[in-house]
Amino acid sequence: MAKGVGFTLGELARALHATLEGDPATVVTGVAPLESAGRDQISFLVDARYAGAAKASRAGALLAGPDVSGLPGPVLRVSAPQRALIDLLVLFHPSVEAVPGIASSAVVARDASVAPTATVGALAVIESGAVIGPRVQIGPLAFVGAGAQVGEASVVHARVALCARVTLGKRVVVHPGAVIGADGFGYVSDGQAHSKIPQVGSVLVEDDVEIGANTTIDRATLGQTIIRRGTKIDNLVQVGHNVEIGEHSIIVAQVGISGSCRIGRGVVLAGQVGVADHLTLGDGAVVAAQTGVHRDLAPGEKVLGTPARPLMESKRLFVLEGELPELVRRLRDAERRLARLEARLPAGEVPDA
Amino acid sequence: MAKGVGFTLGELARALHATLEGDPATVVTGVAPLESAGRDQISFLVDARYAGAAKASRAGALLAGPDVSGLPGPVLRVSAPQRALIDLLVLFHPSVEAVPGIASSAVVARDASVAPTATVGALAVIESGAVIGPRVQIGPLAFVGAGAQVGEASVVHARVALCARVTLGKRVVVHPGAVIGADGFGYVSDGQAHSKIPQVGSVLVEDDVEIGANTTIDRATLGQTIIRRGTKIDNLVQVGHNVEIGEHSIIVAQVGISGSCRIGRGVVLAGQVGVADHLTLGDGAVVAAQTGVHRDLAPGEKVLGTPARPLMESKRLFVLEGELPELVRRLRDAERRLARLEARLPAGEVPDA
Amino acid sequence: MAKGVGFTLGELARALHATLEGDPATVVTGVAPLESAGRDQISFLVDARYAGAAKASRAGALLAGPDVSGLPGPVLRVSAPQRALIDLLVLFHPSVEAVPGIASSAVVARDASVAPTATVGALAVIESGAVIGPRVQIGPLAFVGAGAQVGEASVVHARVALCARVTLGKRVVVHPGAVIGADGFGYVSDGQAHSKIPQVGSVLVEDDVEIGANTTIDRATLGQTIIRRGTKIDNLVQVGHNVEIGEHSIIVAQVGISGSCRIGRGVVLAGQVGVADHLTLGDGAVVAAQTGVHRDLAPGEKVLGTPARPLMESKRLFVLEGELPELVRRLRDAERRLARLEARLPAGEVPDA
């Protein structure tokens, strides 16, 4: 990994706007976690919890925030170590420039439009009327359906399926196996068989969205399923038809969002959360892992559990549930004491009020 | 969407067997939801809950059932508005006729059989001995394994995998990324390593089944995994080996059905339900979202929760769980009152019975 | 299935090291389950629970363990019937030898290395620097990214994606639709937007691992996500970045393992389990279906429920939860009895201690 590449700590300090505590001539050739970093690598401390590991690390240098003291060896001090780590990783692992052009094995419809600066990988299929913007990368074996549009600098990885008329904004990243724009799950049942409601809408994915591997986002029955700007979706997530997810939300792996939900801006749905249909989750709502959401959530509301309850309430209930055996014992004990008292006050001895 | 296409309300009334309240010469050019429909579009009221939205809609016409009054503008009255909506959508969005023939870039085994009226998309692979029936559509980049069969008028979308010897009936629809016929998950463990049990059975999907994007249906160890006629399966569902799902069932997204289960006819499994192995779920059973089913279900039984309990019992338990803090307070209060009473009746004062 | 193939019971007894109770000249032509086996088929009894079905079976012969008596017809006795069943299935369903060579429609980078004994299927893509070992099978429409390595005798089924630099050991099996090496889900948030942390690590899959259909295993941020030797992973499982799963573990369908977890050796995660990030699950831990694991597990610990509790404790709590209505009734009754006692001992009548 990035063998042969090396930077002096002086170069890194300049690039990261860091204050260097150590020799600027020292060379490091890679980035590694605290536990495995060697003398020729730089590591990083982005969370105070790992200060112990940092002190024990054999790394040749450390990237750290302003508050941590007692670190061994050279330190690059920055005010925001997490962001500086991103820059550090990009320095050592620059993204490979894709070579523009259409692979000879790709099958591109005559009336599709592919920007000259775009890259279309081996055995990709681009159907009629599709529009591939400038500097877009379409991976090998990817499918872009009729009339789909992919905005500037987006990356559609290998084996993605963008179905007909799906629209991706700029700088969208879609990981392998994701399916965007399959039919929504809508039927009319006569109590016997199920007749399919044609799913004639589409999907709009705005700028800077990232969509994980094997995630599925269904097209709307009518209108659009919408993923707003900056939202990040993990792997194996299901987004139903006519859902709208607001800007800069975080949807963790294996979440399922049922049809017609309105998920706000800056919402966090942790892993394996399920959201029932037609619900509204307010901006900034936070839903803990595996929670089942059956009602609307207010902006900023934090919930946990199935059924979803306020976070602190659910945590308290989890504790009380664990105490159920003790509660039962106490109730039985109270009943015994009651019986004893009643026996000592036989009916009639003291007249009832 | 369907630009340029237009129908007069008179034409629509005839096509939908509707009674028109309004001018038959009025033209509408598309279908849209109540909230977004404009003067040149028709909208629909299929659920009385949305009567308010219907009255506020700017739609140029409304499709509605017999019971709703007070609607503004022209109304197409039908007895079954949901079914009429399907017809309406099909009128405005007729499915594109696939052009029969095999794409030149597809790779079709010499001894595979493809009906002359079938369509095989770009870069699809059809292996030895596969049989593709009349008017079938095999999408781009789809894989049809050796000896697999696809019945008349079925649609196998882009990037589907039908593994060897899988059989699809007529009018089956399989969405992108679905994998039908991968090996079941079966091993013999010696307390140490796991030896694979060969999965030599197959999968049978009967007529009119629909299978969602990235869903996986495993082949049987021996015999067949079976999806009966008319059943609809959503995205990212897991169906284990040797499962049989009865006719006209509904399996919502991210459900997992373990091996050798017998799911009845007309069963509904809501989103993210899990069903343990070797269980029998009776006809018409209904399982609420995220429920974990660990026991057989009687026909028509409705369950909720993990572990699954009768629906109304689980709902009551959810309420009582929420009242646990209050119950603990009441118990503590009772204990205090008991202690006070006991103190006022010192042992010996009144002889024990 | 295996039509025309037949074995005498004598031949089978020799091949399976079984003791034959019956006529060695009897011929069977296939293996079938107890319920469906006919006179010309052999069936098997690998679990005493099915002894009744075995006695009712019409199978022409039975494979069984030493302890079962009263079986009708010829019996092949073996000490370990489950293992013998594997041998029996392999006899009747020998795996088809793949013909070495690269399909003419595959797209293989000039500087990729493909062993002469390897098979590369139709329309597979193998990128620059990839190494395909001896007797490897790469299925149709599979994707092997730049620098990826596939060890001897591994099988990469149709439509798998192995992303750049992923390494598979020997005899690894990857089922259709699996994605190994997509980016981990890591961002730095400024309370507003999310900046992607480059995911520059990789994935190492050791020998004899099996990975299910549409499962996703993310690459590490730095270093490697590791699946150790002999571990079996079912369909639609999510393995986050920097996870390490120990040897011979079993991960059932739809499990989600969050980033940086250490899963021990011989661990069992049943279906739909979720594991929060950065946890350590000790060797031999067993997690029941749908459980949410929020804390480290000791070696051999068995847990159930959300939140995860010791198996027997959770089972007891499930029972007590079901008794909540009865507990509430008893508490209300105790309160009434208390009130009655208090009324009969008006304040002041007996002086407080």
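The lining of the largest cavity comprises 18 nonpolar, 21 polar and six charged residues, where Ala, Val, Leu, Ile, Met, Phe, Trp, Tyr, Cys and Pro count as nonpolar, Asp, Glu, Lys and Arg as charged, and the others, Gly among them, as polar. The model is predicted, with local features requiring pLDDT of at least 70 and side-chain atom pairs pLDDT 80 or more, while totals for chains, interfaces and linings use all residues. Residues are numbered from 1 along each chain as its sequence is written, chains are lettered from A in the order in which they are written, and side-chain values use heavy atoms, with hydrogens and water left out.

A cavity is a set of points, on a 1 Å grid over the protein atoms alone, where a 1.4 Å probe fits but cannot get out, and its lining residues have an atom within 4 Å of a point. Grid points are joined across faces, edges and corners, and a volume is the space filled by probe spheres set on the points. Six cavities of 30 Å³ or more are found by this rule. The largest has a volume of about 900 Å³. Of its 45 lining residues, A:Gln290, A:Thr306, B:Thr306, C:Gln290 and C:Thr306 lie nearest the centre. Helix H4 (311–322) of each of chains A, B and C supplies at least two residues of this lining; helices (H or I, at least four residues) and strands (E, at least two) are DSSP runs, numbered from the N terminus.

The second largest cavity holds about 130 Å³ of space. Its lining consists of Leu324, Leu327, Val328 and Leu331 from each of chains A, B and C, giving 12 nonpolar, no polar and no charged residues. Helix H5 (324–344) of chain A, of chain B and of chain C each contributes at least two of the lining residues.

Chain B is superposed on chain A by a rotation of 120° with 0.1 Å of shift along its axis (RMSD 0.1 Å), which is the relation of a three-fold axis. The superposition is by least squares on the C-alpha atoms of residues with pLDDT of at least 70 in both copies.

Within chain A, strand E5 (residues 41–45) is largely enclosed by the rest of the structure, because four of its five residues are buried (under 20% relative accessible area, 1.4 Å probe, protein chains only). Strand E4 (residues 30–31) of chain A runs parallel to E5(A), joined by two bridges, and A:Val31 stands opposite A:Ile42. Strands pair if DSSP finds at least two bridges between them. Four bridges join E5(A) to the parallel strand E6 (residues 61–64) of chain A, where A:Ala64 is the bridge partner of A:Leu45.

How values were computed. 1 Å grid on protein atoms, 1.4 Å probe; cavity = no way out; pocket = protein on both sides within 12 Å on 5 of 7 lines; lining within 4 Å. Buried < 20%, exposed > 50% of the residue type's maximum accessible area, 1.4 Å probe, protein only.
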